[in-house]
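Subject: Structure for your files

Hello,

Here is the structure I said I would pass on. My notes on it follow below, grouped by region.

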Amino acid sequence: MKKLNNEQIEKKLEHFPNWSYEDDAIHISFEFEDFKNAFTAMTRIAFEAERLQHHPTWSNTYNSVNISLSTHDADGVTEKDFELAEAIETVLGQ
C-alpha cells in the first residue's frame with residue numbers, strides 16, 4: 001500500500017475533524033464514562049481491526065483511549081488507516 005503525502009492526508013482529514021496528523025500517523029483520543037466502557041469500545045474496535053487486517057497503536061488509561069494509525073509497511077499513513085478510522089468512528093457513533 002502506498003504512503004499518502006501530506007496534502008492527501010490533510011484533504012482526507014477534512015472528513016475526520018476529530019483526528020489530527022503528526023509524526024507520520026493520524027491520532028484521536030476518546031474519553032468514556034468509566035474503564036468498562038473504554039474497554040468495551042476497544043474490544044469493538046479490535047473486531048473491526050481484525051476484519052480489516054490493520055491494527056492500531058493504542059493505549060488505555062482508566063476511561064481514556066488514545067489511538068494512532070499508520071501503516072508500518074509504508075512508513076506512514078495510507079488509505080488503510082483511513083478505512084480503520086472510518087470503522088472506528090462508526091463503532092463509536094461519531
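Asn-63 sits in the loop that links strand 3 and strand 4. The model is a predicted one, and this residue is where my notes start. Is Asn-63 buried or exposed? Its relative accessible area is 14%, which is under the 20% cut-off, so Asn-63 counts as buried. The side chain of Asn-63 comes to 2.8 Å from the backbone oxygen of Phe-32. Beyond its neighbours within four places in sequence, Asn-63 is in contact with Phe-30, Glu-31, Phe-32, Glu-33, Asp-34, Phe-35 and Ala-38. For Asp-34, the C-alpha to C-alpha distance to Asn-63 is 4.7 Å, although the two are 29 residues apart in sequence.

The loop belongs to a hairpin: strand 3 and strand 4 are separated by two residues, and Tyr-62 in the turn has a positive phi of about 45 degrees. The two strands run antiparallel and are joined by five bridges. One of the residues involved is Trp-58, whose bridge partner in strand 4 is Ile-67.

Strand 4 (residues 64-69) also pairs with strand 2, in the antiparallel sense and over six bridges. On that side, Ile-67 of strand 4 stands opposite Ile-28. The side chains of strand 4 alternate along its length.

Strand 1 and strand 2 run antiparallel, with three bridges between them. Tyr-21 has Ile-26 of strand 2 as its bridge partner, and Ser-20 stands opposite His-27. These two strands form a hairpin with two residues between them, and Asp-23 in that turn has a positive phi of about 50 degrees.

Strand 2 is mostly covered, with five of its seven residues buried. His-27 is placed in this strand, which spans residues 25-31. A polar atom of the His-27 side chain lies 3.4 Å from the backbone oxygen of Ala-25. Not counting residues up to four places away in sequence, His-27 touches Asn-18, Trp-19, Ser-20, Glu-22, Ile-67 and Ser-68.

The last item is a pair of helices. The axes of helix 2 (residues 35-52) and helix 3 (residues 79-91) come within 10 Å and cross at roughly 150 degrees. The crossing is right-handed. Which residues make the contact? From helix 2 they are Arg-44, Ile-45, Glu-48, Ala-49, Arg-51 and Leu-52, and from helix 3 they are Lys-80, Glu-83, Leu-84, Ala-87, Ile-88 and Val-91. Sorted by class, the contact of helix 2 with helix 3 has seven nonpolar and five charged residues, and no polar ones.

Regards

Technical notes: Residues are numbered from 1 along each chain as its sequence is written. This is a predicted model: local features need pLDDT of at least 70, side-chain atom pairs count only at pLDDT 80 or more; totals for chains, interfaces and linings use all residues. Side-chain values use heavy atoms; hydrogens and water are left out. Helices (H or I, at least four residues) and strands (E, at least two) are DSSP runs, numbered from the N terminus. A polar contact is a pair of N or O atoms within 3.5 Å; within protein, one must be able to donate a hydrogen and the other to accept it, and residues adjacent in sequence count only if both atoms are side-chain atoms. Contact means heavy atoms within 4.5 Å. Two strands pair if DSSP finds at least two bridges between them. Axes are lines fitted to C-alpha atoms, for helices over the stretch in contact, and angles run from 0 to 180 degrees between N-to-C directions. A crossing is left-handed if the near helix is turned anticlockwise from the far one by less than a right angle, and right-handed if clockwise. Ala, Val, Leu, Ile, Met, Phe, Trp, Tyr, Cys and Pro count as nonpolar, Asp, Glu, Lys and Arg as charged, and the others, Gly among them, as polar. Buried means under 20% relative accessible area, exposed over 50%, partly exposed in between (1.4 Å probe, protein chains only).
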